[in-house]
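Dear colleague,

Please find the structure below, for your records and for discussion. A description of selected features follows it.

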Amino acid sequence: MQHSTGAGRLQLPEKPREYAALIDGRFIPARDRELIGRDNPAHNHPVSLYPKATPEDLRDALSAARRTVDNRVWSGMSSADRARILLKVAALIDTHRVELREIECLEVGKPIGLVDREIGGAVAHWEYAATMARHSYGDTYDTFGNDALGLVMRNPVGVVSMITPWNYPLMINSQKLPFALAVGCSAVVKPSELTSGSALRLGELLMEAGIPAGVVNIIAGTGLDLGEGLCTAPEVDMVSFTGSTAVGRKIAAQAGEKLKKISLELGGKSAQIVCADADLELAAEKVALGATRNAGQACVGGTRLIVERSIADSFCAAVQAHVERLRIGDPLDPETTMGPLISAVQKTRVEGYIKEGERDGANRWTMETSHAKTLPGHFVQPTIFTEVRNDMSIAQDEIFGPVLTVTTFDAVSDAIDIANNSRYGLAAGVWSTNINKALQMGRRLDAGSIEVNTFLAGVPELPIVGHRDSGVGSERGRNAVQEFTELKTIQVQLSPV
């Protein structure tokens, strides 16, 4: 189901790598600030050191971004020039893909043999965003009579604070930053303090590509220290956040007090509906993948299986067989296909939900493996629960671990009702060879991104959209032009000819 790229075995560094923050075109090395350390989550071995941003650093970063907006340093360039620079960034990410995948493996715990797909996805997002630089335009109205004219202009929103999570650090930055840059915005980026390395390294590549000083600023620190300033500072025009729904609500409240524009990509509890007429072998492979990719730490992961009752037993056995093919263990080993969870806190959270599922009466199957038992890290074995009621916590809460719940249905309408009975609405999958039925189901599912006969096959052309508790606004696609711009109208009174 998940295959290695053939990357060689990665070694733990003898000493942690030091990264530098980027503020107004200057690099601030880790040794010049209080340090934030990161351990590899499989070995508990130090791998990274980041400079912890001070309040002054945050003010400097915001001031630099504001200056570049007010002076039109970036937005005043031609869209063709901005596009060329974004393409240079894409090329540099591609050139440094081995280094970047090693950073993600060491900090996130992703298997080294599987990260390359994400790096390629990041490249694709920068390349696609470059095309959007030349497709941000307004409108004209020549309908007001002989002596009047109307213009609708689409301008960059200004300074965007970007707060990104730990699970897909380079990819999620690449779903935000290049699109904001394409339309002329400036940014202050704060990656998760757990996995800041790829974002800080990206800052160096941005400067190498020719991004003017101050247009992009990247700082490391905690949300507790920096979050409020990033949301409420007068220099900020918009906040773009990816993370939990609970934190998203706090950000929305803080930004809302100052009437900042917001874009929130939040939690998910995505359902995969499998009908009896589906390609069941392919569906079983993708269902197993959707529940276990990145050890289940994906907001769009398919963590709820809703399967037609007549095939439920055999299909669950097929999913289980695919899960059993996983090689769980050292992410530095190119043969590994599932690594650890991000932290001890996350491991405790996931294990707590597994115990809740058992207490609530669901039937539990857990994969047995010895691959990870010799490592000290935060490993949790893939778990499948059957006989799950929709009111159980394991069916309703975002667990963020390799846990799949199974519910059966008889009628298609029941499947849709079960899938929609969730406070989340981020993604969903439909499996049926009857394309008419699949599309009708897709129309009735209340989720922002629906995939038919595939899963986790996202492309930069299609937006990510959250419904209900899964977010506000969208990312990627041509709609990103609207997300990072605002309209201005100019009405002109002309002298009579």
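This is a predicted model: local features need pLDDT of at least 70, side-chain atom pairs count only at pLDDT 80 or more; totals for chains, interfaces and linings use all residues.

Residues are numbered from 1 along each chain as its sequence is written, and side-chain values use heavy atoms, with hydrogens and water left out.

**Annotated site**

The unreviewed UniProt entry places the feature "active site" at Glu265; UniProt positions are given in the numbering used here, feature names are shortened, and annotations may be inferred rather than shown by experiment. Glu265 belongs to strand S12 (residues 261-265). Helices (H or I, at least four residues) and strands (E, at least two) are DSSP runs, numbered from the N terminus. With a relative accessible area of 5%, Glu265 is buried. Here buried means under 20% relative accessible area, exposed means over 50%, and partly exposed lies in between (1.4 Å probe, protein chains only). Leaving aside residues up to four places away in sequence, Glu265 touches Phe241, Thr242, Gly243, Cys299, Leu426, Ile464, Ser470 and Glu475, where contact means heavy atoms within 4.5 Å.

**Aromatic pairs**

The count comes to four aromatic pairs. Rings of Phe, Tyr and Trp (its six-membered ring) pair if their centres lie within 6.5 Å; planes under 30 degrees apart count as stacked, over 60 as edge-to-face and the rest as tilted. One of the pairs, Tyr128 with Phe179, is tilted, at 6.2 Å centre to centre and 55 degrees between the planes. Tyr128 lies in helix H4 (residues 116-132) and Phe179 in helix H5 (residues 169-182), so this pair ties together parts that are 51 residues apart in sequence. Both Tyr128 and Phe179 are buried. Another pair, Tyr141 with Phe144, is stacked, with 6.3 Å between centres and 5 degrees between the planes. Tyr141 is partly exposed at 38% relative accessibility, and Phe144 is partly exposed at 42%.

**Salt bridges**

The structure holds 29 salt bridges, each being a side-chain nitrogen of Lys or Arg within 4 Å of a carboxyl oxygen of Asp or Glu. In one of them, Arg249 meets Asp469, with the closest N and O atoms 2.9 Å apart. This pair links distant parts of the chain, 220 residues apart: Arg249 is in helix H8 (residues 245-257), and Asp469 is in the loop between strand S22 (467-468) and strand S23 (471-472).

Asp410 and Arg309 form a further salt bridge (3.0 Å, N to O). Asp410 sits in the loop between strand S17 (403-409) and helix H13 (412-420), and Arg309 in the loop between strand S14 (304-308) and helix H10 (312-324), 101 residues apart. Arg309 is partly exposed, at 46%.

A salt bridge also joins Asp446 and Arg468 (2.6 Å, N to O). Asp446 lies in the loop between helix H14 (435-444) and strand S20 (449-452), whereas Arg468 is in strand S22, 22 residues apart. Asp446 is partly exposed at 31%, as is Arg468 at 34%. Separately, salt bridges that share partners join Arg17, Glu99, Arg201 and Glu204 into one network.

**Helix H13**

The buried residues of H13 are Ala415, Ile416, Ile418 and Ala419. They lie on the same side of H13, because they cover an arc of only 160 degrees around the axis, taken from the directions from the helix axis to the C-beta atoms. Their cover includes strand S13 (271-274), S14, S17 and H14.

With kind regards
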